[in-house]
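Me: I have a structure to go through with you. Let's take it in short questions and answers.

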Amino acid sequence: MLHESVFRTTDLPVDVRFEAWTERMGRTHAPMRLTSDRVADYHAHQRVIELGDVVVWSATFDHLVFRRTPRLIRQSDPESYHLSLLIEGEGAADWGRHRAAYRIEDFHTNSSSRSYEIVTGPDPVTLVAVELPRALVAVPGHRADQVVGRRVSGREGTGALLAQFLRRLVSDTASYRPSDGPRLGTVATDLVSAVFGHAVDTDAALPPETRERTLALHAKAFIGRHLADPDLTPASVAAAHHVSRSYLYRLFQAEGLTVAAYIRERRLANARRDLTDPRLRGLPVHAIGARWGFPRAAEFTRAFRTAYGHPPSTLRAPSPPPDVG
């Protein structure tokens, strides 16, 4: 598993919960002055996942007012960017000259080097956030700072890719090893760079490797959404992203894959999962193949046997009767 830690105010005595939450927030992002109308019995939960120099965290907490003042910045500035995706609740931020209100599935962007005030609504807020050093973002600092305070959508474009990555990461870390942390941190950094670059229209200024990794992630997300379409091919993926097939092949080859093999592996993995799902026991094997882009039963059986060493029907073999002797 990845290196992570969990904090719950309910694990502490009531009279120290809010103070402990204030300290926790100061370590997660930067020292802040926090106030709330729930101080008497504050409820908050946070899970922090370490990805090398990048930190991803999810949290649910009661009403809160965050204030980062010029004095606090002078005292301590980790020089980091913060992006948080609002999952539940509501919030608004004020940087003095401009303000922003956030809807569910919006990203709030911030910098530890800027003073601000953030206010959440009366109901608990749930969010997932990423913290990373400003120096890692592959957009010139004076341009990247223009994104701070903007409301970035997590429903479309590069924002949706970042949102998908963060939500999937926090949903399950069991399949990762600690050594995966820095590599996942690089993915997070590339996606944040892409979000910032798109917001200031400087995508062309991004390093080629960042653009290529981001495009590969776009292509994989597109494939994931269209696996059930039997007409999904490397050519259709390339056309959807306005690149040549040879360029798309080059992106995947950097990861030791071909586009066709990636599509086939994803389809087979999903079909294998459905074949072992008790809720789908009544669905014929050929129908499961068809729902994942294999309209011909023979083709599905041949591909499945090649990948797993046995036909898909093996997973539907009846269980042996219990030994009653």
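**Sheet, helix and a proline**

Me: Which residue in S11 stands opposite Tyr81?
Reply: This is a predicted model. Look across from Tyr81 to strand S11. The residue opposite Tyr81 there is Leu132.

Me: How many bridges join strand S6 to strand S11?
Reply: Strand S6 covers residues 80–88, and strand S11 covers residues 125–133. The two run antiparallel. The number of bridges joining them is eight.

Me: Which strands stand at the edges of the sheet, and why is one side of each left without a neighbour?
Reply: The sheet is open, with seven strands in the order S1-S3-S4-S11-S6-S9-S12. Its pairing is antiparallel. Each edge strand has a single partner strand, so one side of it has no neighbour in the sheet. These edge strands are S1 (4–8) and S12 (151–153).

Me: What is the average twist from one strand to the next?
Reply: Go through the sheet strand by strand. From one strand to the next, the twist averages 20°.

Me: What angle does the direction of helix H1 make with that of S3?
Reply: Helix H1 spans residues 17–28 and packs on the sheet. H1 touches S1, S3 (44–51), S4 (54–61) and S11. With the direction of S3, the direction of H1 makes about 25°.

Me: Is Pro311 buried or exposed?
Reply: Pro311 lies in the segment after helix H11 (297–308). Leaving aside neighbours within four places in sequence, Pro311 contacts Thr301, Phe304 and Arg305. Buried means under 20% relative accessible area. Pro311 has 18% relative accessibility, so it counts as buried.

Me: What distance separates the C-alpha atoms of Pro311 and Phe300?
Reply: Along the chain, Pro311 and Phe300 are 11 residues apart. Their C-alpha atoms are separated by 8.9 Å.

Note on methods: Residues are numbered from 1 along each chain as its sequence is written. This is a predicted model: local features need pLDDT of at least 70, side-chain atom pairs count only at pLDDT 80 or more; totals for chains, interfaces and linings use all residues. Side-chain values use heavy atoms; hydrogens and water are left out. Two strands pair if DSSP finds at least two bridges between them. Helices (H or I, at least four residues) and strands (E, at least two) are DSSP runs, numbered from the N terminus. Axes are lines fitted to C-alpha atoms, for helices over the stretch in contact, and angles run from 0 to 180 degrees between N-to-C directions. Contact means heavy atoms within 4.5 Å. Buried means under 20% relative accessible area, exposed over 50%, partly exposed in between (1.4 Å probe, protein chains only).
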